[in-house]
Amino acid sequence: MAAAGGCCRRFCQTAPGWLPTLQFVRHGSKAVTRHWKAMNIMRLKLMAVTEYMPPKPAIPETCIKPRISYVEEENGFVRLLRRQVEQAFLENKMIVVCQYNRVPGNDMILLRHRLRKYNIHAKFFPNEIMQPFLLESKYKNLLPLFVGRNLLLVSPETRAQEMLRVLKSVPQINVLGACVDNTILSKQGFTDYAKLPSMVAAQGNVVGALSLVTSQTSTLLQRGTAHLTSLLDHYVKQQSGATVEAKVQDS
């Protein structure tokens with residue numbers, strides 16, 4: 001290295017004004033003069049005690065700064081579920097709220113098939129959709145029933161007897177309440193309503209009772225005239241008999 005530097009220096013002296021393209025520069029290594037050293041425990045304690053703590057404001061910052069409310073846009077699926085809920089309450093006369101426990105898949109399919117025979121449909125709606133709808137509708141008294149996972153049984157006809165008969169075979173589904181013809185019923189009220197006769201039978205009973213009353217009324221009205229006629233006939237017979245006796249005595 002020294003010989004190469006000497007040759008380069010002699011060459012530069014022989015050719016003034018010319019600089020070599022390659023120069024060797026030697027850099028010395030930097031000596032590390034400071035190493036990390038753990039701070040004394042007493043100094044650490046002193047610094048922790050003497051640390052500056054800014055005073056807390058009298059009014060919390062959460063009260064001073066206004067809260068920023070972010071308006072979240074509704075999801076398309078949420079709007080679809082809300083529309084289905086409104087349609088279910090508008091188009092059906094019988095809406096039954098049931099507590100739903102886990103039912104095996106095959107049993108649930110069989111239950112849906114048996115209910116569909118009587119035009120009864122099973123629907124699942126989350127409580128996040130049902131609760132806002134019930135709060136703004138006339139069915140708000142049904143709101144306490146929607147706590148856990150629920151099942152709605154809806155039908156455009158009042159098929160209470162058939163529905164209870166089908167649910168007897170599925171103990172995992174319990175009736176909590178119902179709304180029949182815009183009338184909210186409890187579990188016991190719905191059971192009593194199912195025991196009532198059908199509309200056709202009730203109409204037949206009413207027609208029979210009215211026809212019986214009219215027949216009794218006509219009988220009562222005719223009884224007076226018949227009784228009066230019999231009395232008059234008896235009176236005429238008495239008078240005719242009295243005249244005959246008088247003629248016999250005169251003769």
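Me: In strand 4, which residue is the bridge partner of Cys98?

Reply: This is a predicted model, in which local features need pLDDT of at least 70, side-chain atom pairs count only at pLDDT 80 or more, and totals for chains, interfaces and linings use all residues. Residues are numbered from 1 along each chain as its sequence is written, and side-chain values use heavy atoms, without hydrogens and water. Strands (E, at least two residues) and helices (H or I, at least four) are DSSP runs numbered from the N terminus, and two strands pair if DSSP finds at least two bridges between them. Strand 1 and strand 4 pair in the antiparallel sense over 7 bridges, and the partner of Cys98 in strand 4 is Val175.

Me: Which strands stand at the edges of the sheet, and why is one side of each left without a neighbour?

Reply: The open sheet has 5 strands in the order 2-3-1-4-5, with antiparallel pairing. Each edge strand has a single partner strand, so one side of it is left without a neighbour in the sheet; these are strand 2 (121–123) and strand 5 (183–186).

Me: How many residues lie between strand 4 and strand 5 in their hairpin?

Reply: Strand 4 and strand 5 run antiparallel and are joined by 4 bridges. In the turn, Asp181 has a positive phi of about 55°, and the number of residues between the strands is 2.

Me: How many of the 8 residues of strand 4 are buried?

Reply: Buried means under 20% relative accessible area, exposed means over 50%, and partly exposed lies in between (1.4 Å probe, protein chains only). Strand 4 is mostly covered, and its count of buried residues is 6.

Me: At what angle do helix 7 and helix 8 pack?

Reply: Axes are lines fitted to C-alpha atoms, for helices over the stretch in contact (heavy atoms within 4.5 Å), and angles run from 0 to 180 degrees between N-to-C directions. The axes of helix 7 and helix 8 are 8 Å apart, and the angle is about 115°.
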